[in-house]
Amino acid sequence: MALKFDLLSTHPSGARRARIHLPHQTVETPVFMPVGTQGTVKAVPQQILEELGPNRQGAQIILGNTYHLYLRPGHELIARLGGLHKFISWPRAMLTDSGGFQVFSLSKLRKISDEGVRFRSHLDGSSHMFSPEHSMDVQIALGADIGMAFDECTEYPADESRAAESLKYTMAWAARSLNHFRANQRKVPWHNDRALINPINPDGSPASQSLFGIVQGGMYMHLRRESAQRLVEMDFDGYAIGGLSVGEPRALTLETIAEVLPLLPKDKPRYVMGVGFPDEIVEYARMGVDMMDCVIPTRAARHGLLFTSEGRMNIKNRQFAEDPNPPDPNCACPTCSRYSRAYLRHLMQTGEPLGGTLNSIHNLAFYLTTMANLRAELEATPPEVAAPELK
Ligand SMILES: [Zn+2]
């Protein structure tokens with residue numbers, strides 16, 4: 001066991017208030033994790049990420065992307081520089097994905113076999129092989145607090161036989177990922193570093209990486225149940241639900257989460273990958289999801305879409321050309337406390353990179369504040385009393 005999970009309260013809706021003790025950070029959940037694909041949360045410096053949200057608590061945990069970092073600058077280079085935390089100067093917790101999603105969504109000429117996936121880089125066409133063992137070696141070299149089992153993200157739509165075949169790979173690869181991870185996890189760059197926030201495992205051994213399994217199965221509930229049950233038998237440190245937000249109707253996303261959550265152990269973290277809009281992440285957290293990540297706040301920001309306490313705002317709209325007000329009058333982020341809607345619109349109109357940066361800072365602050373407010377609400381609501389309705 002590499003992480004310690006404290007379940008503080010469970011509410012009638014299913015919502016959980018919990019605390020995950022990771023080597024680099026104790027993470028308060030439900031938590032939103034900004035995505036740092038290339039070792040950077042796009043356009044936002046690390047020192048600003050550390051201070052966003054209420055009480056300048058900042059982002060507690062961010063994602064790195066195994067596929068991208070493997071191709072550039074390479075996991076071995078990052079390991080030589082002390083691992084991903086040191087390389088990007090991020091002292092708090094990190095999570096790396098398995099690389100599977102990008103292999104399937106970005107790379108060219110994929111060839112899947114029992115061994116793994118052979119693919120051509122989307123950058124230069126060079127040929128690479130990702131197996132479960134190789135994904136683990138890359139993730140151990142990067143050294144995030146949490147790694148993910150190598151999986152195949154089933155596309156949508158996929159017919160039942162295709163989803164079942166895809167799940168067969170994901171399940172075999174999950175077992176191989178876990179075996180290889182357990183045998184090699186002591187190679188993580190910060191093994192034995194006593195300066196960590198949580199340097200000791202619950203069992204007294206030095207802090208180590210954790211590995212989560214990923215529930216797949218497309219939109220077929222019996223495959224999802226089979227996937228969850230078999231992963232739980234393998235005994236991962238936490239469990240993710242993958243293969244959602246791939247174009248399916250929202251009702252299916254909700255149905256899948258509701259089907260899988262009761263099958264997962266209560267004493268381990270639950271993570272839904274790649275979701276969602278602010279109202280969606282609140283809804284999933286209320287169902288009992290502890291962790292979520294998404295590129296939406298930063299991607300939308302670069303296109304001028306802001307999430308505010310008054311709803312969505314396209315800052316490029318003409319109506320903001322002479323608007324001296326802050327983007328969100330109820331937001332205390334560095335963008336809203338200093339800049340006007342008119343200025344942000346001007347930056348977008350002229351294509352200035354500062355526009356994307358200031359918009360991203362606000363959107364991330366809004367997401368982090370949304371989750372902090374939910375945590376505060378859960379703390380203020382006795383678990384035996386029904387939580388108030390959403391919105
Ligand atoms: Zn703001």
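The model is predicted, so local features need pLDDT of at least 70 and side-chain atom pairs count only at pLDDT 80 or more, while totals for chains, interfaces and linings use all residues. Residues are numbered from 1 along each chain as its sequence is written, and side-chain values use heavy atoms, with hydrogens and water left out. Helices (H or I, at least four residues) and strands (E, at least two) are DSSP runs, numbered from the N terminus.

**Backbone geometry**

- A cis peptide bond also joins Val275 and Gly276, with omega of about 5 degrees.
- Gly276 is found in the loop between β13 (270–272) and α10 (278–287).
- Asn55 has a phi near 55 degrees, a positive value in a residue other than glycine.
- The place of Asn55 is the loop between α1 (46–49) and β5 (61–64).

**Sheet β1-β2-β3**

- Three strands in the order β1-β2-β3 form an open sheet with antiparallel pairing; two strands pair if DSSP finds at least two bridges between them.
- The edge strands β1 (4–10) and β3 (25–29) each pair on one side only.
- Direction ignored, neighbouring strands of this sheet are turned by 10 degrees against each other on average.
- Strand β2 (residues 16–22) pairs with β3 in the antiparallel sense over 5 bridges, and Ile20 stands opposite Val27 in β3.
- Helix α13 (residues 353–380) lies across β2 and β3 and runs at about 120 degrees to β2. Axes are lines fitted to C-alpha atoms, for helices over the stretch in contact, and angles run from 0 to 180 degrees between N-to-C directions.

**Sheet β7-β8-β9**

- A further open sheet has 3 strands in the order β7-β8-β9, with antiparallel pairing.
- β7 (108–112) and β9 (127–130) stand at the edges with a single partner strand each, so one side of each is left without a neighbour in the sheet.
- β7 and strand β8 (residues 117–120) pair in the antiparallel sense over 3 bridges; Val117 in β8 is the bridge partner of Ile112.

**Helix packing: α6 and α7**

- Helix α6 (residues 132–142) packs against helix α7 (residues 160–184) at an angle of about 40 degrees, with the axes 8 Å apart.
- That angle makes α6 oblique to α7; angles under 35 degrees count as roughly parallel, over 145 as roughly antiparallel, 65 to 115 as roughly perpendicular and the rest as oblique.
- The crossing of α6 and α7 is right-handed. A crossing is left-handed if the near helix is turned anticlockwise from the far one by less than a right angle, and right-handed if clockwise.
- The contact (heavy atoms within 4.5 Å) is made by Pro132, Glu133, Met136, Asp137 and Ile140 of α6 and Trp173, Arg176, Ser177, His180, Phe181 and Asn184 of α7.
- By class, this contact of α6 with α7 has 5 nonpolar, 3 polar and 3 charged residues. Ala, Val, Leu, Ile, Met, Phe, Trp, Tyr, Cys and Pro count as nonpolar, Asp, Glu, Lys and Arg as charged, and the others, Gly among them, as polar.

**Helix packing: α7 and α8**

- The axes of α7 and helix α8 (residues 221–234) cross at roughly 10 degrees and come within 11 Å.
- The two helices α7 and α8 are therefore roughly parallel to each other.
- On the α7 side the contact includes Glu160, Leu167 and Met171, and on the α8 side it includes His222, Arg230 and Met234.
- The residues of the contact of α7 with α8 divide into 10 nonpolar, 2 polar and 2 charged.

**Helix packing: α12 and α13**

- Helix α12 (residues 341–349) and α13 have axes that come within 7 Å and cross at roughly 135 degrees.
- α12 and α13 are therefore oblique to each other, and α12 passes α13 in a left-handed crossing.
- Tyr343, Leu344, Leu347 and Met348 in α12 meet Leu354, Gly355, Gly356, Leu358 and Asn359 in α13.
- The contact of α12 with α13 has 6 nonpolar residues, 3 polar and no charged.

**Aromatic pairs**

- The structure holds 11 aromatic pairs. Rings of Phe, Tyr and Trp (its six-membered ring) pair if their centres lie within 6.5 Å; planes under 30 degrees apart count as stacked, over 60 as edge-to-face and the rest as tilted.
- Phe130 and Phe150 form an edge-to-face pair, 6.1 Å centre to centre with 65 degrees between the planes.
- This pair links distant parts of the chain, with Phe130 in strand β9 and Phe150 in the loop between β10 (146–148) and α7, 20 residues apart.
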